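Open the model in your viewer and keep the selection panel at hand. The stops below follow one another.

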Amino acid sequence: MQKAGETDVPRSATPHVVSARDRKYDRQLRLWAANGQAALEEAHVVLLTASAAGAETLKNLVLPGTGSFTVVDDKLTTEEDVDVNFFLDESSIGHPRAAKVAEFLQELNTDSVGRFESLTLSEFDKLDPSYWEKYSLVVAHQIRPSVLLPISKVLWDKKIPLVIINSIGFYARLRIVTPEHTVVESHPESTVDLRLDCPWPELERFAFGIELDGLSEMDHAHVPYLALLLIYLKQWKDAHGGSPPSTYAEKKEFKALIKTGVRSSDAENFDEAINTVWRATQATTIPSNSQAILNDDRAQNLSPSTSKFWILARAISDFTKSPSSGGHLPLSGTLPDMKADTTSYIKLQSIYRSKALEDRDWVASRVSELLLSLGRPADAISSDEVDTFCKFSRNLVVFDGRSLEEEYTPSTARAKKILQELEEENSLMSVYVGFRAVEVFEEREKRYPGTVEEVDEDEKVLKEIALEIVGSLGGTEVNERTASVLKEFVRYGGGELHNISSLLGGIAAQEIVKLITRQYVPMTNTTIFDGIQSSSAVWEL
Amino acid sequence: MSRDTYAKQILGDAYENIKNAKILMVGAGGIGCELLKNLVLAGFGEVHLVDLDTIDLSNLNRQFLFGHEHIKKSKALVAKETASKFNPEVNLVAYHANIKDPQFSVSWFKSFDLVMNALDNLDTRRYVNRMCLTANVPMIDSGTTGYNGQMRVVVKGVTECYECNPIETPKSFPVCTIRTTPSQPIHCIVWAKSYLFNQLFGIDEDEATAPELDNTETADNAEELKNLRTENEELKKVKDAFGTLEFPKLVFEKVFKIDIDRLLSLADAWRTRRPPVPLDYSAVKTAADEAGLDSQKKVTMLAADDQPIWNLVENFAVFADSISRLSNRLVELQQEAGSQSKKPILVFDKDDDDTLDFVTAAANLRSIVFGIETKSKFEIKQMSGNIIPAIATTNAIVAGLCVTQAFKILNNDLEHAKMVYISQPPARMLSAGTLPPANVHCGVCGIARAAISVDPEKLTLGDFLEKVLKSKLGYSEEVSIVTSKLLYDIEFDDNLEKTFVELGVSDGSFITIMDEEEPEDGSPGRVNLEFIVLAKGDKNGDAEGDAYVLDQIPEIPKKPKAEKEPASEDEGMIVASAAPKRKADEISGDDTNLNKKSKTDGNGDSATIVIDDEDGAFLID
């Protein structure tokens, strides 16, 4: 008897010897595998502003081995920096923050190469756009919009992701700005695709070649449940004019039919078959989100600069339209756990694998054709990449980002959403408005609200700014909840609280790892965290 | 501005409480490093940290208070050393010790304002939960696994305790499945790790304690268990050849030939199962030699690649080689130990290649014998080592949340304390919910607790019953006294003459007293009373010179009434249930299911007995 597991453990295709580095990274390799780790090791992340939240974000990227990092800042370390930033100490006071933070972070991991640069806010403007090309991702902490918006435009055009973080008192904000993010390895719960409703000839031959009645008791208890389902499904269809069980009552009846075949008490395989009836009788279709990706213009109208993702999507689209696919996506080839004897399990496995390979080969040759037609080498997309794409073709993810400009321009802002959310009790949208208001305040006053003796005036001004923002979106008032949030902001005086910055650094780095490795589904596009309520919200703004 | 200007400004009045707070942090691993950094920078006055563990290379991708130079050193001591540099004003006290050690008594727990758990296993969590309940100290528990995590506050009598809801225990397998009728790779891995490895290199009678083995004897399996004992006896004889060149061969023949032949003789077992196929040592050995796997160097190279699935001869070669490596190590240890009474043993460690090679090869050979799928070393590492993916980011998030809750507890703002789950976008990142009230029927926090100091060699169960339970606490003889087994009830008084030591009750044991008397007026009896037993250091007993000291007479409330069906007599009235539904608006704006368990990622087998790694986690079932 055999229980074969669906192996979804991420692993590299090429054999390798376990090195000290693999050992150090063992616990994360189990999340994103060698290809994710390689992407991380090739990445160069730059942090603008050596704040606590920024340093914590980098810490969480340096520890898992991000290839290089650069800290950009123009300030000298003060006592209050030391108080809140773990990567500065008493001896750093009076020295450049960028250098000191880079130095402390470097100590965490020698696999990661750290640098620093001293650039003032006004100098960012004068940078040549090509300056940013060496970075794979930019993290910006609390940079005023007049400086950040132009940077975000440059990065947007260059398709370099920008991750904006803000941490003031108990409040934190995270915004991901990137025009397009595609994910193949989205790590769905399962990639099992059984096709019991539409078996191909080899699978049918295997199942219908089994004569249940003629089997010994032992063999009978080892018929894989997939075969049992196919056999009984055929019986059912023959008796019902060719249609499968579709209603609840019919499915119940179908279960009863399978039960009639049980011979011994040790009929685990029959139990498995009965438990899978619901899934087995579902029609195999192309999930709507995958279909939308296949139909997307970027797949249908390829150009020489089209990314691999869309070329692969186009090949899959062509596959689903080809007669050999029967209108389906490529088979994943993954088999679930089941009770079976080794021989029939391996036989079944090879039937699923050969079919998956056959589909894969079709897609691979189509990919080569497409590449050639675009004037690119036929092998520009590796066979591993085709493999992975086929395997996850049911679970592809594409995010089309919104630019910071769109968010900050009233005519393109998600005004309705924001105003609606503000009406909700205890809405975290009030915190979002608060961050926006604080940004404007800082831009005008060149200081944070609450950093003077007389804070009442600051609170008044901040409220006026908030009203401007809400007003620009079509709102008419700053409600009570927002007013109390603004009051909190004034109380915080623009200062960071270490544990909130640390938490934000965790959330930000987590999303950055997803962006860099192109694995798992990242957040879109704004998160607000409120440390008073310990709650968070995610919106696309 | 001075150093703590922002902290004062942001935290307001709470800041003073934080500065004066005394915190106990249990565990200095993944979450522990983050937590300690946060506590130090937030300016908590005094932090004690306890961790038994030492630093391993695989910790360094997230446990940032440690560097390469600290490998094999104490986590607690190194964490203290590194963190204290960043705020010399915080008083840090580190213990490289087990939190269950007697030095960490109930009164010691009582000296803290708050206990923060950054633990990696269920057993210790339960223990700390009980200690906090006994000492009446609030606790914050946290855990992470991969990208997911959770955090919650536990306050005695107010919130759910760690055990108010049944916790899924790690899956255990009937001993016969493991020893006689394996059907999945995991069965063979458990066999290799929990049985064979321990028999050869560890403690002999481990089956009794290995949590993965359930060896309850029933009428059905008596025969099998008898057979297994024969097997054990034979294996002990094989062990006489320990350290000799013959040893790997003898072990191989014993477990893959002789034992299998014996199993085959149990014809009944193979009526509906594929019978196992024994392996022939000389045939496999010849094949291995022919395959060129004849030198240790070649085998080492083979074993170094953990990705491919080894075939029969490869498994054979690694099996023989790893046995030699392990035997040599044990022999060396024994020579070093000399005539010390405690015999050195080897312990399985997923990060120790010698032990992992052995378990991989032995498990796969057994799989081959039983016609079960074999696995790669990489996969077996995960399945045998209870490995949970662990990264810095999730730990940072959880630790940050823990500190926000600590602020609330120290500010006596329990009303706003939360439990928070970290989940995956796109839905949301954190789901916060109010803390469910204590379950009045909980067998852990819904009971009375007390500590008793005893001289376990002197105090008999009879004295305990008469002098403590009856005269001091007012019980009748209608009680049950229970540890992991029944010690006494009204119909079972065999143990009354025995001392605590003889009954296996020692320092740190828990004894539960159940009131079995049914008052004539039909009123409910008293709730259970759980004693934690402390072995007395000094001998000044009670006035009578008794072998016990009971500091405080505990209050033992009546049992809550059994819940009634809100049908007949209370028509129209809603009887308060033990766990009222959370108000929708208290769960921050989303319909996330707060009690959801982490999901497996379709790994089938591998997730079954996972407990957790350095970062503490919930169970995956």
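What share of the contacts in chain A with a separation of 6 or more comes from residues 24 or more positions apart? The share is 70%, where contact means heavy atoms within 4.5 Å.

Before moving on, note that this is a predicted model: local features need pLDDT of at least 70, side-chain atom pairs count only at pLDDT 80 or more, and totals for chains, interfaces and linings use all residues. Residues are numbered from 1 along each chain as its sequence is written, chains are lettered from A and ligands numbered from 1 in the order in which they are written, and side-chain values use heavy atoms, with hydrogens and water left out.

**Chain A, overall**

Select chain A. It holds 24 helices and 12 strands. Helices (H or I, at least four residues) and strands (E, at least two) are DSSP runs, numbered from the N terminus. Of the 541 residues in chain A, 60% are buried. Buried means under 20% relative accessible area, exposed over 50%, partly exposed in between (1.4 Å probe, protein chains only).

**Helices H8 and H10 of chain A**

Select residues 201-208 and 225-239 of chain A, helices H8 and H10. Their axes come within 9 Å and cross at roughly 90°. That makes H8(A) roughly perpendicular to H10(A); the term covers angles of 65 to 115 degrees. The axes are lines fitted to C-alpha atoms over the stretch in contact, and angles run from 0 to 180 degrees between N-to-C directions.

Now show side chains. H8(A) contributes Leu203(A), Phe206(A), Ala207(A) and Phe208(A) to the contact. H10(A) brings Ala227(A), Leu230(A), Ile231(A) and Lys234(A). Seven of these contact residues are nonpolar, none polar and one charged. Ala, Val, Leu, Ile, Met, Phe, Trp, Tyr, Cys and Pro count as nonpolar, Asp, Glu, Lys and Arg as charged, and the others, Gly among them, as polar.

**Helix H10 of chain B**

Move to residues 247-264 of chain B, helix H10. Where does H10(B) bend? Look at Lys254(B), where the bend is about 35°, taken as the angle between axes fitted to the seven residues ending there and the seven starting there. Lys254(B) is also among the buried residues of H10(B), as are Phe252(B) and Asp259(B).

Pick Ala33(A), in helix H2 (residues 26-42) of chain A. Its phi is positive, about 60°, although it is not a glycine. Ala33(A) is buried, at 3% relative accessible area.

Finish at Asn412(B), in the loop between helix H16 (392-410) and strand S9 (418-422) of chain B. Asn412(B) has a positive phi of about 55°. Is Asn412(B) buried or exposed? Exposed, at 72% relative accessibility.

Notes:
Angles under 35 degrees count as roughly parallel, over 145 as roughly antiparallel, 65 to 115 as roughly perpendicular and the rest as oblique. The expected span of a helix is 1.5 Å times one less than its number of residues.
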